[in-house]
Amino acid sequence: MAWRCSAATNAGLVDNLVTANILSTPRIIAAMKASDRAHYSPRRPYDDCPQSLGFGATISAPHMHAHALESLAPMLKPGASVLDIGSGSGYLVAVFSRLVRPGGKVIGVEHIKELNEAAEKRFVADEGTVAKELLQKGEVVFKTSDGRQGCPGEKFDVIHVGAAVPVVPEALLEQLKAPGKMFIPVGDVHEDQYIYEYTKDAVGNLKRERLFGVSYVPLGDVEYYYARGMKLVE
Ligand code: SAH
């Protein structure tokens, strides 16, 4: 499963995700084709498995990015606001940004400064002057902070969480707009983890649905990684 969509090119990888019935929404397919993983993955960008970024972080497997994007697709419209917690490589920030233009906003929150700086550089390498403009206008933001707090003072149509939590942080539920949708891996590091979709309707009622089992790195404490002298993979 983890390797079945691997390919020799970005387009081939996305086509394989379509054939495997993981991707079906034309706008998502186009945005993934436009965002070449070679800019974001230090190694083997078209293998359908996670790759190390350093600091214990990985760029998630393409099939997991595809599942997340398909789950959130109904809300990923031009003008939408997106919060990406544990943004790591910056790959999803780039894909979200392509989907919410014009007028949308994407905030990636990552607690390792070095990863965030690398992600911003990768985004500029991917999109050049367009990326620079979006960063300047604040329509794409790479914020270095603890994702468990979300982005205080702001609300979002879409929240994606790229690292597992033992319990869903209240701050994230509160920062989800009505209507809004969140995709989040929940579970202990050593126990089973599952993807949950949280859907808020227009009057604020929250619905929770368990999708499938996964294995994500934990949404943890930044000190842990620095104390172990971990480095960036370039
Ligand atoms: N979606 C990203 C996933 C990266 S792995 C990608 O595909 O590139 C998960 C990321 O969460 C790591 O980069 C890790 O550094 C980050 N992370 C872990 N705990 C965090 C926290 N408390 N706050 C913010 N980011 C965190």
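Asp188 touches Pro166 and Gln193, where residues up to four places away in sequence are not counted and a contact means heavy atoms within 4.5 Å. Asp188 lies in the loop between β7 and β8 (193-200). Helices here are DSSP runs of H or I with at least four residues, strands are runs of E with at least two, and both are numbered from the N terminus. At a relative accessibility of 42%, Asp188 counts as partly exposed; the term buried applies under 20% relative accessible area, exposed over 50%, and partly exposed in between, with a 1.4 Å probe and protein chains only. From Asp188 to Ile22 the separation is 166 residues in sequence and 26 Å in space, C-alpha to C-alpha.

The model is predicted, so local features need pLDDT of at least 70 and side-chain atom pairs count only at pLDDT 80 or more, whereas totals for chains, interfaces and linings use all residues. Residues are numbered from 1 along each chain as its sequence is written, and side-chain values use heavy atoms, with hydrogens and water left out.

The protein as a whole may be considered next. Its secondary structure consists of 7 helices and 9 strands. The radius of gyration is 16 Å, which agrees with the value near 17 Å that a compact globule of 234 residues would have; the radius is taken over C-alpha atoms, and the globule rule is 2.2 Å times the number of residues to the power 0.38. Along the principal axes, the C-alpha atoms fill a box of roughly 45 × 45 × 40 Å. Of the 234 residues, 51% count as buried. Among contacts between residues at least 6 apart in sequence, 57% join residues at least 24 apart. The accessible surface amounts to about 10500 Å², and 53% of this surface belongs to carbon and sulfur atoms; such areas come from the Shrake-Rupley method with a 1.4 Å probe.

Helix α3 (residues 62-72) illustrates burial, for 10 of its 11 residues are buried. Among them are Pro62, His63, Met64, Glu70 and Leu72.

Which peptide bonds are cis? One joins Arg101 and Pro102, with omega about -10 degrees. Pro102 is found in the loop between α4 (91-100) and β4 (105-110). Another runs from Ala178 to Pro179, with omega near 0 degrees; Pro179 lies in strand β7 (residues 176-186).

The backbone angle phi also deserves attention. Asn21 is not a glycine, yet its phi is positive, near 65 degrees. Asn21 lies in the loop between α1 (10-19) and α2 (26-34). Phe55, likewise not a glycine, has a positive phi of about 55 degrees and is placed in the loop between β1 (51-54) and β2 (57-59). Is each residue buried or exposed? Asn21 is exposed, with a relative accessible area of 70%, whereas Phe55 is buried, with 6%.

Finally, a search of the whole structure finds 4 aromatic pairs. One of them is formed by Tyr224 and Tyr225, which are edge-to-face, at 5.1 Å centre to centre and with 75 degrees between the planes. Rings of Phe, Tyr and Trp (its six-membered ring) pair if their centres lie within 6.5 Å; planes under 30 degrees apart count as stacked, over 60 as edge-to-face, and the rest as tilted. Tyr224 is partly exposed, with a relative accessible area of 42%, while Tyr225 is buried, with 9%.
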